[in-house]
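Visitor: I have a sequence and a structure to look at, and I would like to go through them step by step. Could you take my questions in turn?

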Amino acid sequence: MKELKNSGWVEKTYPIAEAAILLYILECTLGSSGRWLSVGPFSIRMILFALCFVASLPAVFVQLKQLVRNAQVWVTVAFGVWLVICFALGLRNGNNTGFAVADLTSFMALALLPGFLAVIRTHRAVERCMKTVFCGSLILSIITVGIH
């Protein structure tokens with residue numbers, strides 16, 4: 001782990017991971033269900049999710065000790081465990097598998113929390129996230145007003 005921390009290539013992945021996270025945030029703000037653009041069975045949101053997850057992995061590995069001590073990560077992990085338990089109980093009780101999977105996958109964005117915390121680590125990065133949400137909402141409101 002020490003070699004990873006001392007190498008300069010990890011720092012170079014931060015702008016890529018931040019750009020991926022900002023694109024994901026913008027798509028979540030604008031894209032409604034995320035199915036406006038699909039490549040086969042994969043929606044644009046799924047593709048951006050995978051990109052964010054992979055791009056933030058180096059930052060997560062470098063900051064693993066800090067992330068393990070973060071209460072938000074532990075609460076998210078506990079919630080994830082609870083979701084899996086409820087999913088299993090639902091399937092055992094005969095709930096529709098398609099609905100159960102859809103319910104479970106709707107929380108997949110929570111898997112990005114460690115990467116988000118590792119990459120979005122400065123005040124300026126947080127501001128960029130907030131501006132992305134604002135701009136996405138503004139664009140969506142303009143589109144909505146234009147349609148109506």
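This is a predicted model: local features need pLDDT of at least 70, side-chain atom pairs count only at pLDDT 80 or more; totals for chains, interfaces and linings use all residues.

Visitor: Is the crossing of α2 and α3 left-handed or right-handed?
Guide: The crossing of α2 and α3 is left-handed.

Visitor: How many nonpolar residues does the contact of α2 with α3 have?
Guide: On the α2 side the residues include W9, Y14, A20, I21 and C28. On the α3 side they include L48, F49, L51, C52 and P58. By class, this contact of α2 with α3 has 2 charged residues, 2 polar ones and, as the number asked for, 19 nonpolar.

**Two residues of α2**

Visitor: Is A20 buried or exposed?
Guide: A20 is a residue of helix α2. Buried means under 20% relative accessible area. A20 has 2% relative accessibility, so A20 counts as buried.

Visitor: Leaving aside its neighbours within four places in sequence, which residues is A20 in contact with?
Guide: A20 is among the α2 residues that meet α3. Apart from neighbours within four places in sequence, A20 is in contact with L51 and C52.

Visitor: What residues is I21 in contact with, leaving aside its neighbours within four places in sequence?
Guide: I21 also has its place in helix α2, and at 6% relative accessibility I21 counts as buried. I21 and L48 are 27 residues apart in sequence, and their C-alpha atoms are 8.1 Å apart in space. Leaving out neighbours within four places in sequence, the contacts of I21 are C52, G115, F116, V119 and I120.

**Other helix pairs**

Visitor: Are α2 and α8 roughly parallel or roughly antiparallel?
Guide: Helix α2 (residues 9-30) and helix α8 (residues 123-147) have axes 8 Å apart and pack at an angle of about 30 degrees. Angles under 35 degrees count as roughly parallel. The relation of α2 to α8 is therefore roughly parallel.

Visitor: How many charged residues are in the contact of α2 with α8?
Guide: The crossing of α2 and α8 is right-handed. Among the residues that meet are E18, L22 and I25 in α2, and R128, C129 and T132 in α8. By class, the contact of α2 with α8 has 9 nonpolar residues, 4 polar ones and, for the class asked about, 2 charged.

Visitor: Is α5 roughly parallel or roughly antiparallel to α6?
Guide: The axes of helix α5 (residues 71-92) and helix α6 (residues 97-105) cross at roughly 175 degrees and come within 10 Å. That angle makes α5 and α6 roughly antiparallel.

Visitor: Which residues in α6 do L83, F87 and L91 in α5 meet?
Guide: The residues of the contact of α5 with α6 divide into 6 nonpolar, 1 polar and no charged. On the α6 side, L83, F87 and L91 meet T97, A100, V101 and L104.

**Cysteines**

Visitor: How many disulfides does the structure hold?
Guide: C135 is also in no disulfide, as the nearest cysteine sulfur, that of C129, is 12 Å away. For the structure, the number of disulfides is 0.

**The chain as a whole**

Visitor: What pattern does the protein chain follow along the sequence?
Guide: The protein chain has 8 helices and 2 strands. Read along the sequence, their pattern is α-α-β-β-α-α-α-α-α-α.

Visitor: What percentage of the 148 residues of the protein chain count as buried?
Guide: A20 counts as buried at 2% relative accessibility, whereas Q66 is partly exposed at 42%. Of the 148 residues in the protein chain, the buried share is 28%.

Notes:
Residues are numbered from 1 along each chain as its sequence is written. Side-chain values use heavy atoms; hydrogens and water are left out. A disulfide is a pair of cysteine sulfur atoms within 2.5 Å. Axes are lines fitted to C-alpha atoms, for helices over the stretch in contact, and angles run from 0 to 180 degrees between N-to-C directions. Helices (H or I, at least four residues) and strands (E, at least two) are DSSP runs, numbered from the N terminus. Angles under 35 degrees count as roughly parallel, over 145 as roughly antiparallel, 65 to 115 as roughly perpendicular and the rest as oblique. A crossing is left-handed if the near helix is turned anticlockwise from the far one by less than a right angle, and right-handed if clockwise. Contact means heavy atoms within 4.5 Å. Ala, Val, Leu, Ile, Met, Phe, Trp, Tyr, Cys and Pro count as nonpolar, Asp, Glu, Lys and Arg as charged, and the others, Gly among them, as polar. Buried means under 20% relative accessible area, exposed over 50%, partly exposed in between (1.4 Å probe, protein chains only).
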